[in-house]
Structures are given as structure tokens and as C-alpha cells.
Amino acid sequence: QVQLVESGGGLIQEGGSLRLSCVASGSFTSIRLMGWYRQAPGTQRELVATITRDGNPTYADSVKGRFTISRDNAANTVALQMNSLKPADTGVYYCKAHIRRPLEVPYWGQGTQVTVSS
């Protein structure tokens, strides 16, 4: 059984910062790609940022320059540092990991709520 557990969400004022963390646990060989997605009410889930095992990040245009994704392969964790938060960043943030067991399967966390007030 593989689990992804997120933490670090909450209520923050516009301009503030939050750090999200996600840890993968269970039996698996390795984790290839890890990332963060978000979903606001009434909208589709959208990509926020991803990071390869080698540490190469990609970001949605809306968060470039404000968010930083990082990972620790030894600890099976991925983090998202969010600065200069805006009300438009409000939503449920989900961690996703492409996990090899050894066949690769995508897993999702349960989500953590981020609310940015103006």
C-alpha cells in the first residue's frame, strides 16, 4: 500500500507565505516525478509545479517567481514554498507522485486546503 500525505495548508492573508509538504510511504522501488496540483471550487484541477527525480522543476505561469518546488529523494518528500500569495491561489492542493513498484503508477494525496484572504 502506498500513501501520500500532505500537510501545511491553512488560512493566510494576501501577500503571506505557506509551505506545503508531502511524504510518500509504503512499499515501492522509487519515485520518478512528483508534483503539486490545485483545484478551486467549480474549476478543474490544474498543475501548479512538478519536479523530476534529478531536481528539474516546471511551474505554471501563474506561480512562476512566487512558488518553489523541492524534493528530498532519501525522505520521499516533496515541498512547495508559496510566497506572495494571492486570493487566486485559494484551493485544495494535491500532491501527486509517479511511483515505481516497479511498474509506474500515479498516486494522489488527499489534499490540503489553502485559503488566501484579501
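This is a predicted model: local features need pLDDT of at least 70, side-chain atom pairs count only at pLDDT 80 or more; totals for chains, interfaces and linings use all residues.

User: Why is Cys22 called buried?

Analyst: Its relative accessible area is 2%. Buried means under 20%, so Cys22 with its 2% gets that label.

User: And what about Cys95, is it buried or exposed?

Analyst: Cys95 is at 0% relative accessibility, so it counts as buried.

User: How do you know that a disulfide joins Cys22 to Cys95?

Analyst: Check the sulfur atoms. The cut-off is a pair of cysteine sulfurs within 2.5 Å, and the S to S value for Cys22 and Cys95 is 2.2 Å, so the pair passes. By this rule the count comes to one disulfide. In general, a disulfide is a covalent bond between the sulfur atoms of two cysteines.

User: Which parts of the chain does the pair link?

Analyst: Distant ones: Cys22 sits in strand 3 and Cys95 in strand 9, 73 residues apart. The link of Cys22 and Cys95 is left-handed, with -80 degrees about the S-S bond.

User: What makes strand 1 and strand 3 a pair?

Analyst: Two strands pair if there are at least two bridges between them. Strand 1 and strand 3 are joined by six bridges, so they qualify. They run antiparallel, and in strand 3 the bridge partner of Glu6 is Cys22.

User: Why are strand 1 and strand 7 called edge strands?

Analyst: The open sheet has four strands in the order 1-3-8-7, with antiparallel pairing. Strand 1 (2-7) and strand 7 (67-72) each pair on one side only, and they are the edge strands.

User: What makes Asn76 and Ser84 partly exposed?

Analyst: Asn76 has a relative accessible area of 23%, and Ser84 is at 40%.

User: What stands out about phi in Asn76?

Analyst: Phi of Asn76 is near 55 degrees, a positive value in a residue other than glycine. Ser84 has a positive phi too, about 50 degrees, and is not a glycine either. Most residues other than glycine have a negative phi. You'll find Asn76 in the loop between strand 7 and strand 8, and Ser84 in the loop between strand 8 and strand 9.

Key
Residues are numbered from 1 along each chain as its sequence is written. Side-chain values use heavy atoms; hydrogens and water are left out. Helices (H or I, at least four residues) and strands (E, at least two) are DSSP runs, numbered from the N terminus. Buried means under 20% relative accessible area, exposed over 50%, partly exposed in between (1.4 Å probe, protein chains only).
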